[in-house]
Amino acid sequence: MKNPKALTLILLALALVLLLLGTSIGSTGFDSVLAARHDPIALQIVWDIRLPRTLGAWVAGALLGLAGAVAQGLFRNPLADPYLLGSASGASLAMALALAVLGVSPFATAWLVRVGLTGAAFAGAVGGVLLTLALARGVQHTLRLLLAGVIVGVVLGAGKDLVTLAIPDILSAMQGFNLGSTGFVGWTACLLMLAVWAVCTAVAWLLGPVLDGLTLGEATAASLGLPLPRMRAALIVVLALATGTAVAQTGMIAFVGLAAPHLARSLARTTHSRLMLLASLTGGVLLLAADILARWLTAPQELPVGVLTAVLGGSYLLWRMHKRSGGVL
C-alpha cells in the first residue's frame, strides 16, 4: 500500500473494530457485555474495567509507536527505540525505590499509592533522559547522545538490580512492571495518556521537516536554515514525554516502539510527519491486538502483554531481516 491517507483510515477502522472486540473480551467471556443492559454489575465491569483498559492499551501503544518513530528519525538508526535515552531504566529504578519505600504492589488499588507509583515511574523516565542529556552535554552530537543513553541505561539498570537484591520482597512486583500490563489502566490514566498523545503528535507533526532534513545529513539540514539544536531538543522532549507517560501507566512493553515504525514504513513511503502519525496508529493497533490476545489465549488467566509484544514484534523483525537478506540470517 502506497497511499498514506488510505492506510490512516484502515488503521483507524481496525482500531475501532479492536476497541469493540476488546470491550467484549474478559475473564467472563462475552457474558458481561450481553448482560450489561439489565445487570448493573455487568455494566460496571464493561464501563469501568474493560473499556478504559482497552482504550488505554491503544493509547499506550500509540505513544510508544510515536516515540519509536521520533527516535529512529532523530538518530537516523532503524534500531533505535523509545527506551534508548535511559527512560526505561530510569522508570524501573524509580519504581524499585518507590516499592522499597512504600512496600506495596505496583498494581495496588489505593488511589494515593497508584498516583505515587505512577508519578515515580514517570519522574524516573524523565530523570533518565535528563541524565543522558547531561552526560552527552546537550543535544548537539547525535553519536554522543546515543552512547550516553546506552551508558545511563546500563548504570540505572544495575541500580535497579541492586535495590531488588537488597529488598527481595519487591521482586514479584518488579517482575510485573517489567513484563508490562494494561490491566489496571483506568479512566484517569486514559485521559492523561490521550492528552499527552495529542500534544506530542501535534509537536512531532510540526517538527517532521527537521527529521526530513536530517536524513540528508546534519550539514545539509543546517544549510537549509533549520535551528537544529532547539528542534532536536523539542523532539527529545516529545520522545521523553511520550515514553515516560506510557511506561508509567503500563510498565515496560517491549518491541512496540521498535516494530511499529518499521511496519508503517514498509506499508507507505512518506514524509516523517505522516510517518510518525502512521507509526503511532500502528503502535496502538499492535498493542491493542496483543492485549486482546493476552486476555483470550489462556482465559480466564492472562498472559503479560509485554511477553506477547516481544514474541510478535521480534518475530516480525526477524521476518523482515530474513526477507532483506535473501533468506540468509
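A salt bridge here is a side-chain nitrogen of Lys or Arg within 4 Å of a carboxyl oxygen of Asp or Glu. Keep that in mind for the first stops. The model on screen is predicted.

**Stop 1: K160 and D161.** Select these two side chains. They meet in a salt bridge, 3.2 Å from N to O. Now look at their cover. K160 is buried, because its relative accessible area is 16%, under the 20% limit. D161 is partly exposed, at 39%. By the salt-bridge rule, the structure's count comes to 4.

**Stop 2: D291 and its partners.** Select D291 and R53. Their closest N and O atoms are 3.0 Å apart, in a salt bridge. This pair links distant parts of the chain: D291 sits in helix 13 and R53 in helix 3, 238 residues apart. D291 has 0% relative accessibility, so it counts as buried. R53 is buried too, at 7%.

R295 and D291 lie 4 residues apart in helix 13, so about one helical turn separates them. Both are buried.

**Stop 3: two tryptophans.** How many aromatic pairs does the structure hold? It holds 1. Select W58 and W197: their ring centres are 5.4 Å apart and their planes stand at 75 degrees, so the pair is edge-to-face. W58 belongs to helix 3 (residues 40-75) and W197 to helix 8 (residues 187-206), 139 residues apart. Both residues are buried.

**Stop 4: helix 4.** Select residues 87-102. This helix has 16 residues and reaches 22 Å from first C-alpha to last, close to the 22 Å expected. Helix 4 is mostly covered, with 12 of its 16 residues buried. Among them are S87, G90, L93, M95 and L99.

**Stop 5: a nonpolar patch.** Switch to a surface view. Select L179, L293, W296, L297, L303, V307, V311 and L312, which make a nonpolar surface patch of about 670 Å². Helix 13 (272-296) and helix 14 (305-324) each give two or more residues. Helix 14 gives the most, with 3. Find L297 in the loop between helix 13 and helix 14. It counts as partly exposed because its relative accessibility is 44%.

**Stop 6: L12.** Finish in helix 1 (residues 4-24), where L12 lies. At 42% relative accessibility, L12 is partly exposed.

Technical notes: Residues numbered from 1 in each chain as written. Predicted model: local features only at pLDDT ≥ 70, side-chain atom pairs only at ≥ 80, totals over all residues. Heavy atoms only, no water. Buried < 20%, exposed > 50% of the residue type's maximum accessible area, 1.4 Å probe, protein only. Phe/Tyr/Trp six-rings, centres within 6.5 Å; stacked < 30°, edge-to-face > 60°. Patch = residues over 30% accessible without salt bridge, like charges linked within 9 Å, V, L, I, M, F, W, Y side chains within 5 Å. Areas by Shrake-Rupley, 256 points an atom, 1.4 Å probe, with all protein chains shown as cover. Expected span 1.5 Å × (residues − 1).
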